[in-house]
Amino acid sequence: GELRSAAINALAVSLLAIVLYIRVRFHEYKFGIAGVVALIHDVLVTVGFVVVFNWLGWVDAEIDLSMIAAFLTIIGYSINDTIVIFDRVRENLSDAKRLGEKIDRVALLNRSVNQTLSRTILTTATVMLVVIAQFVVNFQAGTALEGFSFALLVGMISGTYSTVFIASPIVLWLWDREREQAEEQVAVGQITAAPAAPGAAVPSGEAGS
């Protein structure tokens, strides 16, 4: 019970700190919310694989202190990859505004992902080689590194695709939601400020005067 509480507190504090950091870095909460949703997805996927593979007896991967360290490592790795893409989005958005270009947010996100895709693939492949080697050496060895490396293996695969297919679409959804709310406010303001139509009935008090 103490271990579970410590793990939950550590994950919660780390996620909160990440949101605050991204808020300061990008001057808004949309990127932080999207990044944390992707991180929660990564941790849940990793926990699911660890529990299922341990239950089947394929991997010795108990939830212990080394596994908590693996979760925190996955969070750090995944958010680093996400920040790289988000930073490129911010740069492309600033360039488009500076040049006076019409901003197509879908195209901007796609371009940002493509510009950082080679970096993402190379970084992931390099780290995966080390993690796979660590897992193979410790497989069925009964050591804590078996579960640790297995969790990292799953978490890094999940963290790579969640950055592209979860975090980026959430940013786009938040942008669209903000734009729709702004359009609704403008429409309400126009209706409120619209003058009375010609020939409208005049109140009796004004008619008498």
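Me: Accessible areas here come from the Shrake-Rupley method with a 1.4 Å probe. How much accessible surface does the chain have, and what share belongs to carbon and sulfur atoms?

Reply: This is a predicted model, so keep in mind that every value is computed from it. The accessible surface of the chain comes to about 12,300 Å². Carbon and sulfur atoms hold 66% of that area.

Me: What share of the residues is buried?

Reply: Buried means under 20% relative accessible area. By that cut-off, 37% of the 209 residues in the chain are buried.

Me: Now the fold. How many helices and how many strands are there?

Reply: Six helices and zero strands. Read along the sequence, the pattern is α-α-α-α-α-α. The chain is more spread out than a compact globule, because its radius of gyration is 25 Å, well over the 17 Å that the globule rule gives for 209 residues.

Me: What does the C-alpha trace span along its principal axes?

Reply: About 95 × 45 × 30 Å.

Me: And the contacts: what part comes from residues 24 or more positions apart?

Reply: Take the contacts with a separation of 6 or more. Residues 24 or more positions apart account for 77% of them.

Me: Where is the kink in helix H4 centred?

Reply: On Thr-116. The bend there is about 45°, and H4 covers residues 105–138. Thr-116 is also one of the buried residues of H4.

Me: Which other H4 residues are buried?

Reply: Start with the general idea. An α-helix has 3.6 residues a turn, so residues three or four places apart point the same way. Now the case here. The buried residues of H4 include Leu-108, Leu-109, Ser-112 and Val-113. Further along come Thr-120, Thr-124, Met-128, Val-131, Phe-135 and Asn-138.

Me: What follows H4?

Reply: Gln-140, with a positive phi near 60°.

Me: Back to the surface. Which residues form a nonpolar patch?

Reply: Val-52, Trp-55, Leu-56 and Trp-58. Together they have about 490 Å² of accessible area. Trp-55 sits in helix H2, residues 30–56.

Me: Is Trp-55 buried or exposed?

Reply: Exposed counts as over 50% relative accessible area. Trp-55 is exposed because its relative accessibility is 71%.

Me: Last one, the chain start. Where does Gly-1 lie?

Reply: In the segment before helix H1, which covers 2–26. Gly-1 is exposed, since its relative accessible area is 64%. In sequence, Gly-1 and Ile-63 are 62 residues apart. In space, their C-alpha atoms are 12 Å apart.

Methods:
Residues are numbered from 1 along each chain as its sequence is written. This is a predicted model: local features need pLDDT of at least 70, side-chain atom pairs count only at pLDDT 80 or more; totals for chains, interfaces and linings use all residues. Side-chain values use heavy atoms; hydrogens and water are left out. Patches are made of residues with over 30% relative accessible area and no salt bridge: like charges are joined within 9 Å, nonpolar side chains (Val, Leu, Ile, Met, Phe, Trp, Tyr) within 5 Å. A salt bridge is a side-chain nitrogen of Lys or Arg within 4 Å of a carboxyl oxygen of Asp or Glu. Helices (H or I, at least four residues) and strands (E, at least two) are DSSP runs, numbered from the N terminus. Buried means under 20% relative accessible area, exposed over 50%, partly exposed in between (1.4 Å probe, protein chains only). The radius of gyration is taken over C-alpha atoms; the globule rule is 2.2 Å times the number of residues to the power 0.38. Contact means heavy atoms within 4.5 Å. The bend at a residue is the angle between axes fitted to the seven residues ending there and the seven starting there.
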